[in-house]
Amino acid sequence: MKENQNRRIAVFGATGSIGTQTLDVINQLGGFDITVLTAGSKWQSLAELALKWKPRCVAIGDPSKKNELKNAIFGSGIKVYAGKDADAHVAESEEYDLCLNGLVGVAGLMPSYHALSRGIDLALANKESLVLAGDLLNSIAKKTNSKILPVDSEHSAILQCLQGEQKSEVRRLILTASGGPFRKWPLEKIRNATKEAALNHPTWSMGPKITIDSATLMNKGLEIIEAYHLFKIPIEKIDVRIHPVSVVHSMVEFVDGSFKAQLGVPDMRIPIEHALFFPTHREMKLRDDDPADWPPLEFSKVEDGRYPCLDLAYKALSIGGTATAVLNGADEAAVAGFLNGRLKFGEISETIEKTLDTHNVAEADNIEEIKSADSWGRDYTETLISELR
Ligand code: NDP
Ligand code: MG
C-alpha cells in the first residue's frame, strides 16, 4: 500500500456503542475507506450509516430486515447480505485491510476467525472471540502474521504499558474494574437487584450485555481471559483491583517494584483510536482534560463473595480447553434470561456455575468444537432457566 493512501476498514457491529464511536473517530481523523458496515437488526441505523459512508456492502444479521434495508438504500449500488452467517461471509470474502470487531457475543467469533485467517489485522472489541477461541486465534494469527489489537480499554492500557518492556520482567498485570453499580450494596440485596439498577453503570455507557457483565464482574472475568491470550501471561500473574472512577485503565507491575499505568478520562474513543492507528497516537479533540480535575484515584481489593462470576471466569480459564467457550455461552444465555425477566440477578452466577460444573471438557483446537461447546453452554443454561420459571 502506498503511503498516505487510506486503509480499507470493515466495521462489524457498526450500529452499537463501539461501532458508532469507531465511526466518530474515523469521522474526526480520516485515514480509512469504509468498505463493510454491519448490524444485527437495526436496519434504519445501518441504512443511514451506509448512505453516509458508502461502503461496498452492508450485512444485517436478522434476515427479516433484508428487504427494508435494501429499499432504504436502493440505487446506492451497495450490496446487501442478510442472515445469521452474513457477517462471517462478508469477513471471509469482502475486501478490507483492517477488521474492527464491535459485535457482541459469539456473533463476533467468525469475523475474527476469517480476518486473521486471511492475514488481516484485527482491532478487537469483541472480547468473546478470545474467550471462546483464544488459543486457536493466536495460532492462526501467528501463522498468517496478523495482529490482534485490543480495543478494550484495560488491554489497550496494558499494551501501552508493555511497549519497550520485557515480558520476563513483569511481576503481574493489574486490570482495574469499576466494581459496577452494586459495589456497596448489602450482599443479600444484590440477589434481587432490578434490571434498571444493573443497567445503570457508574462510569461507562455501553451496550446492555457488557453492562450486565460489568455489574456481575463477569466482564472483568472475560477480560482476564482476554489478557491471558493477548499478552501470554500466566493466569496467576493477572490480578484485579477495584477502581471506581475508571481513570487508571490498568497497570503493569515489574519485578523491581516499578508500576506503569495508563490513565485518562473514560472515553472509548481513545482506545479505539489507538487500535486503529497503532502504534501511533493521533490528535483528537474530545474535551479539555486536566489531571487537576480528576477525582481522587482510589483502589481496593475485590471483596470475597461479592462477585461470584469473577471466580467462575478464573475457574474456567484454569480448567482450559472448551471450558471458557461453555462459560461464554452460559453467560450470554444467563444475561439474556436476566434482561428478559426470567432470571434474578443472583441467579446469573448460579446457572453459569451449574453449567460449567456439568460440562465435559474437551480440547478447543478447532472452530467447530468451540462453537459446539458455546452452544452446549447456552442450551444447558436455557434449560436450567426454563426449569426455574
Ligand atoms: P452493543 O450492543 O452496543 O452493539 C453490538 C453490535 O453488534 C450492534 O451493532 C448490534 O446490532 C450487533 N449485533 C448484535 N447481535 C448481533 C448478531 N447476532 N449478529 C450480528 N450483529 C449483531 O455492544 P457494545 O458496542 O457495547 O459491545 C460490543 C463489543 O465490544 C462487546 O464484545 C463488548 O464486550 C466490547 N466492549 C464494549 C465496550 C463499550 O464501551 N461498549 C468497552 C469494551 C469492550 P444492532 O444495533 O442492530 O442490534
Ligand atoms: Mg474493558
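Biologist: How far apart are the mean positions of the positive and negative charges of the chain?

Modeller: Lys and Arg count as positive and Asp and Glu as negative, while His and the chain ends are not counted. Each charge is placed at NZ of Lys, CZ of Arg, CG of Asp or CD of Glu. In this predicted model, the mean positions of the 44 positive and 53 negative charges lie 3 Å apart.

Biologist: On what conventions do such values rest?

Modeller: Residues are numbered from 1 along each chain as its sequence is written, and chains are lettered from A and ligands numbered from 1 in the order in which they are written. Local features need pLDDT of at least 70, side-chain atom pairs count only at pLDDT 80 or more, totals for chains, interfaces and linings use all residues, and side-chain values use heavy atoms, with hydrogens and water left out.

Biologist: Which residues coordinate the magnesium ion (ligand 2)?

Modeller: Donors are N, O and S atoms within 2.8 Å of the metal (3.2 Å for Na, K and Ca); water is not among the atoms, so sites may look incomplete. Here Asp 152 (OD), Glu 154 (OE) and Glu 223 (OE) coordinate the ion at 2.1 to 2.2 Å. Their spacing in sequence is D-x1-E-x68-E.

Biologist: Is Asp 152 buried or exposed?

Modeller: Buried means under 20% relative accessible area, exposed over 50%, and partly exposed in between (1.4 Å probe, protein chains only). Asp 152 is buried, at 7%, and Glu 154 also counts as buried, with 7% relative accessibility. Of the 389 residues of the chain, 54% are buried.
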